Amino acid sequence: MRVLFAVSSWPGHYYPMVPLGWALQAAGHDVRVACTPGQHAAVSAAGLTPVPVLDGMDMVFLTRLRYLWDAQAGHWPYPWQPLHPVTGQEVAGLRDFDFDSYVAAHTATTFGAMIRSFDAAVRLARDWRPDLVVHDPLAVEGALAAAAVKVPAVTHLWGPVGTHEPAATGLQIVPEYPAGTFARWKVGSLGPDAVTHVVDVCPPALAPPTTATRLPVRFVPYNGPGAGPPGDDRPAGRPRVCVVWGTSTTAMSGPRSFALPDIVTALAGLDVEVVVTATAEDLDRLGPLPRGVRGVERCPLRLVLPGCSAVVHHGGAGCTMTAVDAGVPQLGVSFAIEQALNAERVAAAGAGAHLPGHLAGVDTVRAAVTDLLDKPAYAAAARALREDARARPTPADLVSTLAGLAGRP
Amino acid sequence: MRILATVSGWPAHYFPMVPLGWALRAAGHELRVACAPGQAAAVRTAGLAAVPVLGELDMVYMARFANLWLARAGAWPYPWAPLHPETGEPVDPSTFDLDGYAETAKRHIARQTETSFDAAIGYTRRWRPDLILHDRLSAEGLLAAKVAGIPAVAHLWGPVGTDERAAELYPLPVDYTRAFPRHGAGMLDADAITHVVDPCPSGLTPPVRGIRIDMRYLPYNGPGAAPELPPAGRRPRVCVVWSNSMSRMYGRGAYLVPRIVAALAELDVEVLLPVHPDDRAALGELPPRVRLLDQAPLHLLLPGCAAVVHHGGAGCAMTAVDAGTPQLALPFGPEQRAIGARLAAAGAGLGIAGHEATRAQIRDAVQALLSTPRHSAAAAELAAASRSRPTPADVVRVLATLTTAT
């Protein structure tokens, strides 16, 4: 069969789909990935075939906008202000950026790009005639393309956050569009309630809230290309703790979210070996590292975690799920609602802890990691979570389910 | 289970293993690919985890070195001089001190080979794979598996097998340093290989010893997107694809694209011509109806093509087999010659020695591919046979039966 993937402009959003792409290809099916030109390289480097025809708003802008909206709706636990979507500076007041007047001034660039992207997705689906579309929660182009050619669409979740989060969280990852948005393609409303099937990568303890039918799958980590850390795989003597930092946390959450220096200081005070993997830029900003701390540039997390006794990260779904797969207790230091939810759910399962960013200082991080290392309950819960995660059907197993859904068994 | 793959220094040797690598990962298994540092980027951009610890044996260097021996034996078939292994400049075999050069070359080859053997054995000891996959020329995987007492599975890249009669096909590397016996691993010969993944449909079956694991060839020709192309029109579309390593191995005379393009200009066809940026200048002015493209994975170009002309490389040949496209091979190396001959025997293509192929012969051969239903029928039959083979996803289950791991 032919399966069209549609992905939003952020590798972290679609890396969880990559192993399913491999599974489909390895079973002899055709896969094409509709993406923006900016994702061409990352999609090809994952071994998939990009069709770089999508367009749309910049993901950093969109994410900052979402955080600002969250804050305007009262869902912002941090003692500082979110960033201005355009300038990237903290806003002085929450009403400093008015989306409606921004749109009025930039209609052609914002909506023009969106309409071009929608058009391109529908054109691609009409030309290539997929039997099924799989898309990440933010890539509405996938849902639209599937509806336009009347084939099933499946939303591929990236972790513990679902399509229908409790209202109190204020989080909605599947965007909603005004009525009539898709009329020119003869498609009705698309949004959380239009999602009929989700690929759910989480073990039951982390199950993302959704009203859609779940297609359970095991999360197989793919964190981008790269080699493992240099040196021996096994730590010598002292426990090894990994610190991994989001590639864009600062751009999206502001300079105050750069918690790496405090985390490193906290861990350097413990009798542990520390491996920090981050972007070259973030490693530079960190400056000279204390004894016992090693920095490696952008190492795929799945290749660093074997042999680690704990991991500290920013709560991103990719880090969270990779740590679940590795069975390593984790501390999430979060700077956004979604990251906070990921970390809360892992903590509720007993496999980790959560520190909201503004509460994460040297002492609190050190205390939290000491707990993870010293209390065997964390390691036991992380192992149990890993067992549950690994008992799920593999992406290879999911292929026949998808073929059935597409009517091509 | 944990699988280690070892690969030799040439992407075309291991690209056919890539879909099996995806299949392993998608079934939840661990996979690492031990390679030379020079191959790490190509392994990573296939989506796989590279372990760049092997020695560096450049295949262009090896081919040029082998050509010098051919020339000494009077078996260099081309009307131009072979190339110096390092500089790539033409060499006059009557004055070149091959014995002196071979001293240095053999030391270099032995050193790199030892590096590979030691690294593969060492990595296997540390990472403890349950099984090792290796391409036909990556003997380090075979040796490491024998030393560790785990199963090894060879993976072919096309119709040339491990048990070929013709020595010029180099079915297996030569164990110059006698590393296999030194490690108590017997001899490096076809019998040392107990399991072979064979991606060829019957009709192209490569000669092997041991147990054959049938697999469907799935094309992976490196990263990239399909070019935007209008649908094929009234004229048949013919794709011309040429490896630029042909001239690096065999000399400038082995760049046949201008001759092929001129031959096709005499037919009423549309030509798709993906080219490497370095080769653009050599093409000069192109006839009408030639569509110049940036390089793109071949399997994305072939749908809609009525024929394909190439240098006989296994990747091109197998991709065309999968697509059911009749093919003309214009080979230079011995392996490419064998592939061209085997395709011709299966009826799905034609082969003419590259240096002898005249413009008229190329034109007539392509005309024959386009107008004789026998060729398109044979190509379609071969594609159908190929597509009915077990997929890489199926082969994962076969590999699992060879180990005790889960």
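Student: Is the crossing of α6(A) and α7(A) right-handed or left-handed?

Tutor: The crossing of α6(A) and α7(A) is right-handed. A crossing is left-handed if the near helix is turned anticlockwise from the far one by less than a right angle, and right-handed if clockwise. Helices (H or I, at least four residues) and strands (E, at least two) are DSSP runs, numbered from the N terminus. Before we go on: this is a predicted model, where local features need pLDDT of at least 70 and side-chain atom pairs count only at pLDDT 80 or more, while totals for chains, interfaces and linings use all residues. Residues are numbered from 1 along each chain as its sequence is written, chains are lettered from A and ligands numbered from 1 in the order in which they are written, and side-chain values use heavy atoms, with hydrogens and water left out.

Student: Ok. At what angle do the axes of α6(A) and α7(A) cross?

Tutor: Roughly 45 degrees, and the axes come within 8 Å. Here α6 covers residues 107–128 and α7 covers residues 140–149 of chain A. Axes are lines fitted to C-alpha atoms, for helices over the stretch in contact, and angles run from 0 to 180 degrees between N-to-C directions. That angle makes α6(A) oblique to α7(A). Angles under 35 degrees count as roughly parallel, over 145 as roughly antiparallel, 65 to 115 as roughly perpendicular and the rest as oblique.

Student: Which residues in α6(A) meet α7(A)?

Tutor: Ser117(A), Phe118(A), Ala121(A), Val122(A), Ala125(A) and Arg126(A). In α7(A) they meet Val140(A), Glu141(A), Leu144(A), Ala145(A), Ala148(A) and Val149(A). Contact means heavy atoms within 4.5 Å. By class, this contact has nine nonpolar, one polar and two charged residues. Ala, Val, Leu, Ile, Met, Phe, Trp, Tyr, Cys and Pro count as nonpolar, Asp, Glu, Lys and Arg as charged, and the others, Gly among them, as polar.

Student: New pair. How far apart are the axes of α2 and α16 of chain A?

Tutor: Their axes are 8 Å apart, and the helices pack at an angle of about 70 degrees. That makes α2(A) roughly perpendicular to α16(A). The crossing of α2(A) past α16(A) is right-handed.

Student: Which residues meet there?

Tutor: From α2(A), Pro19(A), Leu20(A), Ala23(A) and Leu24(A). From α16(A), Pro395(A), Ala396(A), Leu398(A), Val399(A) and Leu402(A). The contact of α2(A) with α16(A) has nine nonpolar residues, no polar and no charged.

Student: How many residues of α2(A) are buried?

Tutor: Nine of its nine residues, so α2(A) is mostly covered. Buried means under 20% relative accessible area, exposed over 50%, partly exposed in between (1.4 Å probe, protein chains only). Trp22(A) and Gln25(A) are among the buried ones. Just after α2(A), Gly28(A) takes a positive phi of about 90 degrees.

Student: Why is α4(A) said to be largely enclosed by the rest of the structure?

Tutor: Because 11 of its 14 residues are buried. Among them are Phe61(A), Arg64(A) and Asp70(A). The cover includes α1 (11–14), α5 (99–105), α8 (249–253) and α13 (337–348) of chain A.

Student: Over to chain B. Is Leu24(B) buried or exposed?

Tutor: Leu24(B) is buried, with a relative accessible area of 0%. Leu24(B) lies in helix α2 (residues 18–26) of chain B. Leaving out residues up to four places away in sequence, Leu24(B) touches Met1(B), Ile3(B), His29(B), Leu31(B), Leu133(B), Val396(B) and Leu399(B). Leu24(B) and Ala400(B) are 376 residues apart in sequence, and 9.9 Å apart in space, C-alpha to C-alpha.

Student: And where is Arg234(B)?

Tutor: In the loop between β7 (211–214) and β8 (237–240) of chain B. At 66% relative accessibility, Arg234(B) counts as exposed.
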